[in-house]
Amino acid sequence: MANDNASRGVSRRRLLAGVGAGALVAGTGGVLLDAAPAAAAFSNRFGRMFPSLPAFGSATTQMRNALIDLSRVGGPMDARDPLSVGAEALSDLQQHSINNPDNFSIPQGMTYFGQFVDHDLAFETTAPLGTPVDPTTVPNPRTPALDLDSLYGAGPTGSPQLYNSTDPAKLKIESGGRFEDLPRNSNGSAIVFDPRNDENLPIAQITAAFILFHNRVVDLVRAQGTPASQVFATARQLVTWHYQWIVLNEFLPLIAGPGPVSSVLSGGRRFYRPEPNATFIPVEFTAAAFRFGHSQPRPAYLVNRTGNGGDEFYAMLFDSALGGADPADLRGGKRAARRYLDHQFWFQFFDGQVRWSKWIDVRNSTPLFGFPLPPPPSGSPSANLLGRDLLRQLTFGIPSGQRIAAYIGAPALGSFNFPELSGYGLGLDANTPLFYYILKEAQLQAGGGSLGAVGGRIVAEVLIGVAQLDPGSYLKVQPNWRPTLPARFAGQFTMADLLTYARVDPASRNS
């Protein structure tokens with residue numbers, strides 16, 4: 001049922017009706033809004049950020065074949081990790097990753113937090129890959145806002161399968177044998193509003209942590225004397241505002257760099273400017289720039305310290321040779337005692353334990369090329385994850401990176417920066433698909449540590465913009481609001497603080 005709801009989506013009006021908006025938030029630093037103003041604020045379709053710019057190229061068979069070839073195993077986008085050395089070596093030893101350097105700026109968990117954010121903003125499964133469609137006709141069942149609708153669904157009334165039957169203000173949570181796990185059906189599928197939040201072990205564990213975070217905030221607002229009818233709405237807002245703070249103040253500066261963020265905050269949004277009451281997610285963001293995260297996964301990870309029979313659990317990102325109920329890779333949809341994260345390896349707790357993501361660049365971890373995917377829309381060619389990313393540039397007629405750079409006044413990469421594309425004879429070196437462009441741009445302009453000028457501007461404008469345009473966000477309701485829950489640094493709030501409050505931090509794990 002959860003998966004069916006996710007594919008249909010819910011309107012903002014229905015969602016807020018399930019939440020029960022309209023109450024004062026006592027002692028939590030905010031005021032809940034009525035449902036009516038928010039209901040008219042969002043489009044349920046995608047749109048364009050640069051509607052006047054032409055597509056990077058024509059959707060010919062030759063072009064589709066070139067994009068699929070570009071993303072082939074062993075091709076220009078494959079880092080060619082030596083998988084034979086095993087998961088422990090690939091997760092620990094930099095010398096085995098000469099084509100796939102570590103990014104010592106972005107913790108490995110932020111790769112999957114970014115995926116969680118993406119699932120909160122957009123869900124597109126209907127447009128055939130490589131066949132042009134008008135994005136304004138393509139449905140988006142997620143609200144274009146940082147509102148956690150992918151977690152909360154339609155609230156306790158509209159999505160009762162997500163909530164504790166004896167305490168409907170709280171979300172369901174179960175155990176994987178040792179620590180928390182998503183609630184699951186008898187076939188192992190997760191009972192979550194967005195099925196993508198169980199695609200892999202890290203995002204499932206991040207989702208479980210948010211469930212525990214919400215449930216503890218429910219306990220807090222009850223202890224503060226909040227009326228029973230307002231407990232869920234009050235807790236949801238407090239959770240959502242702290243999540244928004246993490247996105248805008250920890251995650252975004254890491255991925256976009258402080259320059260674009262400061263520029264958008266001080267000078268305003270120049271290119272992402274939806275019509276009033278029609279906020280949408282642009283395809284230049286969701287189908288291109290924000291897919292930078294597909295370049296960040298490691299080929300293998302240290303998942304936890306003692307889950308593997310008292311020893312470290314090292315796991316490949318994906319290994320098609322593995323099977324069974326508890327494979328030694330990160331695929332989702334599984335429950336076993338060792339399938340949990342020691343979060344100190346995934347997020348920055350300042351204890352010297354954090355591990356890092358990979359560079360944002362055109363070279364991608366080899367296991368990513370075989371990662372299992374749901375069937376593509378009817379009429380789509382067969383392609384791996386990165387091939388699908390490239391084909392979506394044709395689907396939505398996305399402009400080239402060079403054209404967007406010229407339009408926004410950013411330094412543009414030249415044809416000489418793309419020698420690997422010139423051989424296709426299609427002009428891709430001069431008019432490069434935006435997804436590929438922003439990866440190469442990050443590599444050349446930011447040393448792979450963050451996005452470059454075009455990618456950083458698009459991502460910063462959209463993430464800041466959806467918060468500024470959401471009638472329920474803290475930027476709209478209380479622009480000077482600061483986090484109120486406990487944090488390591490006063491006035492701040494990070495993923496490590498959220499995990500600590502949810503009691504999945506190292507100290508709680510070991511207590």
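**View 1. Volume and centre of the largest pocket.** The largest pocket has a volume of about 1400 Å³, a value computed from a predicted model. Its lining is made up of 47 residues, and those lying nearest the centre of the largest pocket are Gln-115, His-119, Arg-196, Glu-199 and Pro-374.

**View 2. Elements and residue classes in the lining of the largest pocket.** Two or more residues of the lining are given by each of helix H1 (2–8), helix H6 (108–121) and helix H13 (385–395), and H6 supplies the largest share, with 6 residues. Sorted by class, the residues that line the largest pocket comprise 23 nonpolar, 15 polar and 9 charged ones.

**View 3. Leu-148, a non-glycine residue with a positive phi.** In the loop between H6 and helix H7 (149–152) is found Leu-148, whose phi is positive, at about 60°, although the residue is not a glycine. Leu-148 counts as buried because its relative accessibility is 0%, where the cut-off for buried is under 20%.

**View 4. Phe-350, a non-glycine residue with a positive phi.** Phe-350 lies in the loop between strand S11 (311–316) and strand S12 (356–358), and although Phe-350 is not a glycine, its phi is positive, at about 60°. The relative accessibility of Phe-350 is 60%, so this residue counts as exposed, given that exposed means over 50%. Placed side by side, Leu-148 is buried, whereas Phe-350 is exposed.

Definitions and conventions
Residues are numbered from 1 along each chain as its sequence is written. This is a predicted model: local features need pLDDT of at least 70, side-chain atom pairs count only at pLDDT 80 or more; totals for chains, interfaces and linings use all residues. Side-chain values use heavy atoms; hydrogens and water are left out. On a 1 Å grid over the protein atoms alone, a cavity is a set of points where a 1.4 Å probe fits but cannot get out, and a pocket is an open set with protein on both sides within 12 Å along at least five of seven lines; lining residues have an atom within 4 Å of a point. Grid points are joined across faces, edges and corners, and a volume is the space filled by probe spheres set on the points. Helices (H or I, at least four residues) and strands (E, at least two) are DSSP runs, numbered from the N terminus. Ala, Val, Leu, Ile, Met, Phe, Trp, Tyr, Cys and Pro count as nonpolar, Asp, Glu, Lys and Arg as charged, and the others, Gly among them, as polar. Buried means under 20% relative accessible area, exposed over 50%, partly exposed in between (1.4 Å probe, protein chains only).
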